[in-house]
Amino acid sequence: MTRATPPSPSIRRAPQVALLADGHRLHLQDGPIDLVIEAVGAEDVVRAAYAAATERFSGLLDALCDELPALRAAASPDFCPVSGPVARRMWQAVAPFAGEVFITPMAAVAGAVAEDVLQALVLPGISRAYVNNGGDIALYLPEGASFTVGLVDRPDQPRIIGTAVLSFDSPVRGVATSGWRGRSFSLGIADAVTILAPTAAQADAAATVVANAVDLPRHPGIVRTQANDLQPESDLGARLVTRAVPALTAGERAEALEAGLAVARDLMRRGRISGAALHVQGETVGTGAGLDSLSSPAGAAFIPVTPQPQQGRTHA
Amino acid sequence: MLDETVAAPRPAADEKIRCDACPVMCYIKPGMTGACDRYANDAGELVRVDPHVVLDRTLAQGGNIVPFNRGGDWDGKIVSSPETFVTAIGAGTTYPDYKPAPFIVSSEVDGVDMVTVVTEGIFSYCGVKVKIDTDRYLGPEQAVVRAAGEPIGHVTTSEYGSQMLSLGGVHHLTGGGKKEGRVTCDALLNLCNGKAVELVIDGGATVVVQAGKAPIVNGVPEERMRVGCGSATIGMFAKQWLGKADEVVVVDDHITGVLSEHQAGKLLDIPDTGIKMKGRRSTPGRYFQVAEPGTGWGGTNISDPLSIIGPFDAKVAKAGTRLFFISTTGEHSAYYELDETLAPVEKPMPEDLMASTERVKENCEPALCTVLFMAGAGGSLRSGVTENPVRLTRSVKDALTYVTSGGAPVYVYPGGGITFMVDVTRLPENAFGYVPTPALVAPIEFTLKLSDYEALGGHMSEVRPLASIPQGDGTRPVAPISDNPWPLAPQTAKRSHG
């Protein structure tokens, strides 16, 4: 769990630090946080960058946890209740939503952590870098650099359903994914909603909001449970979170995706996000950032090759 | 340090526990996990759940299985390729590389460096095919197979020396009553995880099935498969019986053999004995339906072998004729001699016939239950949205993408989708789980080579489940099952791959 010797006596706990098997990427883990990090540059610069990222990460979780009650409470749209740097990023990311929907700063925790560590990582001489926090990714993309991002709708099928090339010209520096199958609870039924946004924390907050909007509120087959029945201290309290989604008809999938897409388009119009891809049971819709080419639910590309079984289909 | 405190979680009055594995200090309800999905409350005890199962090739050489242990300091060693293959067992969504639907960030200009390929699939289209090595009558074809009174499958075809059952499937899991689904899921889960399950067949037997173990039919453990049908047994052993008995009857529910009438007996110049068999004669010395199917001699319902013969033909039979009855497994045998009235009288079996009985037994293979998990992972592949959907599907069919289940090789059905079968005994222990849908959760891994992916269109630079699993924390290294091909050595893997 921990290293034999903490790097510095002033730090209460030491995260787990390791290079991945490829010898290039750095893995940092502490409690529920897993970061996969890559920086490109001269060897000694990368080494120094990884050391700086590790230093920033050490104690980060402790600082967050010191302000946990405030981070778990519904966010105010105009008052920041927290003082830590990561906690402030979280609040800043969710504040624009706070007047419209229920949201807590926790909705942006993964993206904010990625962003904060990325900031420490980017030393002079680093030409490109990212911090991937469990699918929520902060990007460093200076002039001349680009990233190709591939989109996978389900982990059990190794297929890329769309790609987007992000360059310096693009405003996108953050990518985040949210869905009911993920580690965090969702109020919606999206298998995944992936958002491209100017920052990782913004992307994270928006992914949460859009994923919550992909829903069929009156569908009787969707299993929902009070969040605090599952995790007593969940920031979602007694709100119903999705635990199982039955096989949906093409019409139901389209309805749910359209509901989410409307929210995503609204966020696009207001400049809060740059692109979105929404997935429900094998169907994908997208908007912005080159993701428009992902078909709409009514598109021919989504007509199943085989007819839907009459009954009982639930997964896979 | 953290590790000392982790070992002693503070129990709370309502059995929720405070996890102090990290400063989040989750308050975890019984049966639930904390925010990290890594630690859970198991009846008031803090446990690390669903440990990643790592097949560590090096363990095979040492022969030791390193027990899962989250205590102790991390020594900085990380699991390295290619000696380690990370299975999907317990993968869940814990690690970033395995989280559903990640965007993938490239480390190359045109490539992509993170692809989620290790997962636990949720299968409601799944079941098990059970092969039960027995000649005993388990029940009529198409009969309903029940567990705890609920229909969970049916009897399908008989195979040579075995009876096949088809259990589970989407209709029992989700198409019937709620209880039916739950009981079916439970039975499948237990069978897949190598546990014994009692099955009751309508109009047939009660059989206890456990993968890799002998079936127990109506309370009696089956020991052997038959050496052959009754006729084949005559052919195999005729020469060895010559001179030791005047007549041999091999009792079999399928074809009962009679030595003196059989071609093998004719070739040895064995004279007629005047025996009169019941049942329907097929060809000389081969009889169908000498009795009803059952759990007695040779898969028939008889316990007295004389019940399948009529009175001896007085014109042919001689007093003193030696009669040897044996079943196709050698489990039952009896010896008679004809008295002055040409009636068979049981006598102590001569030693050489006892030895012959042993020989028949020796040539029977041990009777086992085989459980093959079968599931379809085709749904998500079906609606092609990729640039090259056909090529992607084909990559699995062409074994460019190697599919394993818990590191075990699978047979992938030809045709559409990814429908596969795997021998559950080739997976590590407790590899299967369930969700209350109800559906089974089974590990499935897709391993792709870079060159194969480039051939597909070059979106991914790497699709392999080798990653950031530190040893000691939440990993359960297990020695690979020796018969399984190494998943990351495709040249050996593909050979056993359908």
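Biologist: What is the handedness of the crossing of α4(A) and α5(A)?

Modeller: In this predicted model, α4(A) and α5(A) cross in a right-handed way.

Biologist: Which residues of α4(A) and α5(A) meet?

Modeller: From α4(A) come A:P85, A:V86, A:R89, A:M90 and A:A93, and they meet A:V109, A:G111, A:A112, A:V113, A:E115 and A:D116 of α5(A). By class, the contact has seven nonpolar, one polar and three charged residues. Gly counts as polar, and A:G111 is in this contact.

Biologist: Which residues touch the most other members of the largest nonpolar core?

Modeller: They are A:M90, A:I195, A:V210, A:V214 and A:L278, in a core of 102 residues. Helix α6 (residues 200-213) of chain A gives the largest share of this core, ten residues. A:M90 also takes part in the contact of α4(A) with α5(A).

Biologist: What does A:V214 touch, leaving out residues up to four places away in sequence?

Modeller: A:V214 touches A:G188, A:I189, A:A190 and A:V193, then A:A256, A:L257, A:A259 and A:G260, and also A:L278 and A:V280. A second, separate core has 57 residues, including B:V170, B:L173, B:V209 and B:A439.

Biologist: How do α5(B) and α7(B) pack?

Modeller: Two packed helices are described by the angle between their axes and the distance between the axes. For helix α5 (residues 230-241) of chain B and α7(B), the angle is about 145° and the axes are 11 Å apart. The crossing of α5(B) and α7(B) is right-handed.

Biologist: Which residues make the contact of α5(B) with α7(B)?

Modeller: B:T233, B:F237, B:Q240 and B:W241 in α5(B) meet B:S356, B:R359 and B:V360 in α7(B). This contact divides into three nonpolar, three polar and one charged.

Biologist: Why is B:P348 called exposed?

Modeller: B:P348 has 7 C-beta neighbours inside 10 Å. A residue counts as exposed at 12 or fewer, so B:P348 is exposed.

Biologist: Where is B:P348 in chain B?

Modeller: B:P348 is in the loop between β24 (344-346) and α7 (351-362) of chain B. The C-alpha atom of B:P348 is 8.2 Å from that of B:Y336, which is twelve residues away along the chain.

How values were computed. Residues numbered from 1 in each chain as written. Chains lettered and ligands numbered in written order. Predicted model: local features only at pLDDT ≥ 70, side-chain atom pairs only at ≥ 80, totals over all residues. Helix = DSSP H or I, 4+ residues; strand = E, 2+ residues; numbered from the N terminus. Buried ≥ 20, exposed ≤ 12 C-beta atoms within 10 Å, placed from the backbone. Left-handed = near helix turned anticlockwise from the far one by under 90°. Contact = placed C-beta atoms within 7 Å. Core = buried A, V, L, I, M, F, W, Y, C linked by C-beta atoms within 7 Å. Axes fitted to C-alpha atoms, helices over the stretch in contact; angles between N-to-C directions.
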